[in-house]
Amino acid sequence: MAYTNNNYLNVNESYLFSTIAKKVSAFTAAHPDKKVIRMGIGDVTLPLSDAVCKAMHKAVDEMNVKETFRGYGPEQGYDFLREAISKYYMTNSSVVIDPSEVFVSDGAKSDLGNITDIFSNDNTILIPDPVYPVYVDSNVMLGRKIVYVDASEENDFLPMPPKDVKADIIYLCSPNNPTGAVYTKSHLKAWVEYALSNDAIILFDAAYEHFIGDKDLPRSIYEIDGAKKCAIEFCSFSKTAGFTGTRCGYTIVPEVLKRKTKDGREMSLRSMWTRRQTTKFNGVPYIIQRGAEAVFSEKGQAQIDAAINYYKENARIIADTLSKKNVYFIGGINSPYIWMKCPGCASSWDFFDMLLEKIYVVGTPGVGFGKNGEGFFRLTAFSTKENTTEAMERLSSIL
Ligand code: PLP
């Protein structure tokens, strides 16, 4: 008899995006003449940059030649990409990351889900609410104890370390999905101090770091002293370089990062992650890694900056509309997400229904990201400028 993992019984069925899809298709079936604008999508709409595509074309040609063909590559990523990422850390955040601390993967979601492999089931996991659901579900699947830290209007959706909880593993995301909130250096310093004093580990999701334009805001947790002794950082090419369908990301596990087994034996997390990846993962395709390398070229950086600025202009259009109408919101400056309060104290779903029925605009109900998301709504800047402008004109007309 093969027994199943009981913990899967405790994973909340994610009705969020399927309910949205059902409601939207029912609406379009009933009103085929209405143009529905989708402002809820977390996927990019601009294509890959020329620099990336050229590099991938070249790599495809190399694969067709005996001398340059590549078979299995290193599981942690090719040196050329690990070195490019290491250099990027220096120019982007003045942080020294050795290429041997860089692990290339098929995206941040896989690494965020898989990192649980190297930690004991006895840990207490601290997760902000609202949150990107992957952190919660991957720990529920293992039956781990989760405690939540509240993000709310009172703390600008930037929860700080709790005084009464000693957590072992802490998930932080900045710029945040869904709220768009961004931690400052002093916020992160408090989290690093909390982690160091509890011998805890911070799993820092920096998937949106390249949206940070403000020079004073940290793009990497390693900008904070001591972070290398308590943090693993997860990054992605998905939203920053349009790789949502191409799939590539990277995770930094510093060499100095060590923790103990329950019986007191010290282990290197970098060695453990190397062991985990070499056992269960066979690397990202050479062609994709050449495309990812091109993201860091001069042309590549200029092209991805142009795409990000396009999305940020959309975010500005949304933010201006909400400001004019005196609607509380955060995000949208150093992030592609805008987190708005549903006007008139409407619930997230009531507001969703109202927007769909009255102005044919689709967003994401905040309650889908956790209980503290109730009464809030997520809009994204990933639509086209034309659609964003039209959606905001429609929104203005009813607010
Ligand atoms: N982390 C956050 C906060 C995200 O919002 C997403 C994607 O939406 C990811 C990670 C996943 O990124 P990837 O496409 O690299 O798997």
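## A covered strand and its partners

Strand E12 (residues 337-341) is mostly covered, since four of its five residues are buried, where buried means under 20% relative accessible area, exposed over 50% and partly exposed in between, with a 1.4 Å probe and protein chains only. The model is predicted, with local features needing pLDDT of at least 70 and side-chain atom pairs counting only at pLDDT 80 or more, whereas totals for chains, interfaces and linings use all residues. Residues are numbered from 1 along each chain as its sequence is written, and side-chain values use heavy atoms, with hydrogens and water left out. Helices (H or I, at least four residues) and strands (E, at least two) are DSSP runs, numbered from the N terminus.

On one side, three bridges join E12 to strand E11 (residues 329-331) in an antiparallel run, and Ile 330 stands opposite Trp 339 in E12. The hairpin of E11 and E12 has five residues between the strands, and in this hairpin Gly 332 takes a positive phi near 85°. E12 also pairs with strand E15 (residues 376-380), in the antiparallel sense and over five bridges; here Lys 341 has Phe 376 as its bridge partner, and Met 340 stands opposite Phe 377. Two strands pair if DSSP finds at least two bridges between them.

## The four-stranded sheet

These strands belong to an open sheet of four, in the order E11-E12-E15-E14, with antiparallel pairing. Its edge strands are E11 and strand E14 (364-365), each of which pairs on one side only. Helix H10 (residues 298-324) packs on this sheet and touches E11, E12 and E15, its direction making about 15° with that of E12; contact means heavy atoms within 4.5 Å, and axes are lines fitted to C-alpha atoms, for helices over the stretch in contact, with angles running from 0 to 180 degrees between N-to-C directions.

## The seven-stranded sheet

Another open sheet has seven strands in the order E2-E8-E7-E6-E5-E3-E4, with mixed pairing. Strand E2 (102-105) and strand E4 (145-150) stand at the edges with a single partner strand each, so one side of each is left without a neighbour in the sheet. Neighbouring strands of this sheet are turned by 20° against each other on average, direction ignored.

Within this sheet, strand E6 (residues 201-205) and strand E7 (residues 231-236) run parallel and are joined by four bridges, with Ala 231 in E7 as the bridge partner of Ile 202. Helix H8 (residues 269-280) packs on the sheet, touching E2, E6, E7 and strand E8 (249-252), and its direction makes about 25° with that of E2.

## Helix H9 and its neighbours

Helix H3 (residues 79-93) and helix H9 (residues 286-295) pack at an angle of about 25°, with their axes 9 Å apart. That angle makes H3 roughly parallel to H9 (angles under 35 degrees count as roughly parallel, over 145 as roughly antiparallel, 65 to 115 as roughly perpendicular and the rest as oblique). In their contact, Phe 80, Leu 81 and Ala 84 of H3 meet residues of H9 including Tyr 286 and Arg 290. By class, this contact of H3 with H9 has five nonpolar, one polar and two charged residues; Ala, Val, Leu, Ile, Met, Phe, Trp, Tyr, Cys and Pro count as nonpolar, Asp, Glu, Lys and Arg as charged, and the others, Gly among them, as polar.

The axes of helix H2 (residues 50-63) and H9 come within 8 Å and cross at roughly 150°.
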